[in-house]
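Visitor: Could you take me through this structure, please? I am new to the subject.
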Amino acid sequence: MTPDGRQSGRDGDPGEPPPFLGSWGRLYLAVLGWLALLILLFWLFARTFTP
Amino acid sequence: MRPLDWIVLIGSLVFIVIYGLWRGRGSDTVNKYLLAGKTMPWYAMALSIMATQASAITFISTTGQSYVDGMRFVQFYFGLPVAMVILSMTAVPIFHRAGVYTAYEYLERRFDAKTRALVSLVFLMQRGLAVGVALYAPAVVLTVILGWPDRLTTLIMGALVVLYATLGGIKAVTWTDFLQMLIMTTGLAAALATVVWLLPGDVSFADAVTLAGAAGRLNAVTFSLDWNDRYNLWSGLIGGTFLALAYFGCDQSQVQRYLTGKSVAQSRLSLLFNAMAKVPMQFFILFTGAMVFVFFVWVRPPVLFHQAELRKIQAPVLRAEYGPVEQRYDTAFNQRREAAQRLLEAKRNADGNAEGAAIADYRAAQGRLETARRDAVRLVEKANGEAGFNDTNYIFLSFVTRHMPAGIVGLVLAAIFAAAMSTISAEINSLATVSVIDIYQRHARRKASDRHYLWASRGATVFWGAYAVVTSQFGKNLGSLIEAVNMLGSLFYGGMLGVFALAFYFPRVGGSAAFFGVLAGEAAIFYARFFTKISFLWYNVIGCLVVIATGVLLSRVRR
């Protein structure tokens, strides 16, 4: 940190890949796919058990 | 509360404080105190982010909301994963590269000092209002259980949080959040398992879910597009995305969590973990509320869950009016239970006609029960001389303390307290950070030693803790607390989100255009709040778009 309270601004490599799926793009798609799956499951769940 | 419950509750609270003090040791510079020296691993940040968002209100109010309104509130969270992906792509690398302490510090680099000051003040106002509500929620717990005055409870809670947040800074806050999230998950699992276990022996889990569905309590996804409807798929996906973008991208109480990350990748992972875990977690909390509803199909629930208010209308002066209401309530409860029995029998016998008739009777009885409850609410409002009484926040606690076994009560209460402490500690920590970095250091004392700002940060933490205790007293008149907090946030988040969108995506927009854009956005939100019936989830969308439109327009006019 500099004397006036600022930081140096070096926080690792933004291009560092995620630990799984190989790229951030694939990981983002997996997250959005997971959301779509959850919505589908919730809808099926409610539909199955609402007489 | 039995001795075992007290042991579990007090043991958990003491352990949290000691753990926080131990983890926070060595926070002897501003960088370590406010950003943990940028050493935090993704899993600690991830659970800290979840714990900060999951306040005591989440447990107390969300379960109660599911009891009265079903599970449709889960749609509110559908935008969160979308927002997390957007933030991982944009805000996380930008903030990390800028090397800032606060999100608002970045605004001065991008725009100017007045825009930073304006947005910092908007944050202090908005988060300052919400922190009192967050502290009030656990006070509801002990008011119900022990009859302790609200003020004593908020004072004890506030003091515990201030102790470790002040001494240990963000390291203490983040690691206690981590521990508190584990306690919350355990408490939630125990609550759900116990409520299912407490159902009558001949009612299977599938039967319980059917009864919840027949009463409209499983309405987790609704496709209708209605601007005045608070929770549907579209308001959740669109409005929820904007709200989550604002909360996780512009609210320092969340931004500060992932600014402590070792790297961009670690911060991204913490957000993406939330993206995957938050929606299922909310689903299970709401499902617990739906199961509490089914429990009360078999066991008569009180007409009102707020016992002190119920006693008021049972008093001789209102007895003549309350008596018939209670009679109708009892009759409706017995009819609903009898219809539920018939429904399950018809289902087991695969008798479609009998099942249809039983469902109709079950729903009609449910309607009469709700009417009687509404009449009792009106009597309370008459007795108190003011409208707006709401006992949603007392439903889950009433169930826990009256029906759960020894040990589990203490564990669930520990989870509620852990949730409250994690939220409050993060909020006072971020309020202190903005007060010192964006206001005090920027406008009052620009050149001072690191030690000076460290002590200023500690002083600000104590100040905001005391402020939370004082303002928590306003929480009692806000109805469903979870909605109150989200409503408060929505009044300010649209403006904040708009200015960050201008900063990230509109490089030609300058400081003055952004500044007046925020003012125009806030004016639009307050207009929508006080002069229209538009649901609050849309305020973020409206505010954000007005800020962007005004900012872009003004920047073109100036050129």
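Guide: Let us begin with a term: two residues are in contact if their C-beta atoms, placed from the backbone, lie within 7 Å. The model shown here is predicted.

Visitor: How many residues does the contact take from chain A and from chain B?
Guide: The contact takes 28 residues from chain A and 42 residues from chain B. On the side of chain A that touches chain B, 18 residues are nonpolar, six are polar and four are charged.

Visitor: What is the secondary structure of chain A?
Guide: Chain A has one helix and zero strands. Of the 51 residues in chain A, 20% are buried.

Visitor: Where is Leu21(A) found?
Guide: Leu21(A) is in the segment before helix H1 (24-49) of chain A. Its phi is near 70°, a positive value in a residue other than glycine.

Visitor: Is Leu21(A) exposed or partly exposed, and why?
Guide: Leu21(A) is partly exposed, because 13 other C-beta atoms lie within 10 Å. A residue is exposed if the count is 12 or fewer and buried if the count is 20 or more.

Visitor: Let us turn to chain B. Where does Ala36(B) lie?
Guide: Ala36(B) lies in the loop between helix H2 (30-35) and helix H3 (42-53) of chain B. Ala36(B) has a positive phi, near 55°, and is a residue other than glycine.

Visitor: Does Ala36(B) count as buried or exposed?
Guide: Ala36(B) counts as buried, because there are 28 C-beta neighbours inside 10 Å.

Visitor: Which residues are buried in helix H6 of chain B?
Guide: In helix H6 (residues 91-98) of chain B, the buried residues are Ala91(B), Val92(B), Ile94(B), Phe95(B) and His96(B). After H6(B) comes Gly99(B), with a positive phi near 60°.

Visitor: At what angle do helix H12 and helix H18 of chain B pack?
Guide: Helix H12 (residues 252-259) of chain B packs against helix H18 (residues 408-444) of chain B at an angle of about 90°, and their axes are 8 Å apart. H12(B) is therefore roughly perpendicular to H18(B).

Visitor: Which residues make the contact?
Guide: H12(B) contributes Gln252(B), Ser253(B) and Gln256(B). From H18(B) come Ala426(B), Glu427(B), Asn429(B), Ser430(B), Thr433(B) and Val434(B).

Visitor: And how many are nonpolar, polar and charged in the contact of H12(B) with H18(B)?
Guide: The contact of H12(B) with H18(B) has two nonpolar, six polar and one charged residues.

Key: Residues numbered from 1 in each chain as written. Chains lettered and ligands numbered in written order. Predicted model: local features only at pLDDT ≥ 70, side-chain atom pairs only at ≥ 80, totals over all residues. Helix = DSSP H or I, 4+ residues; strand = E, 2+ residues; numbered from the N terminus. Axes fitted to C-alpha atoms, helices over the stretch in contact; angles between N-to-C directions. Parallel < 35°, antiparallel > 145°, perpendicular 65-115°, else oblique. Nonpolar A, V, L, I, M, F, W, Y, C, P; charged D, E, K, R; others polar.
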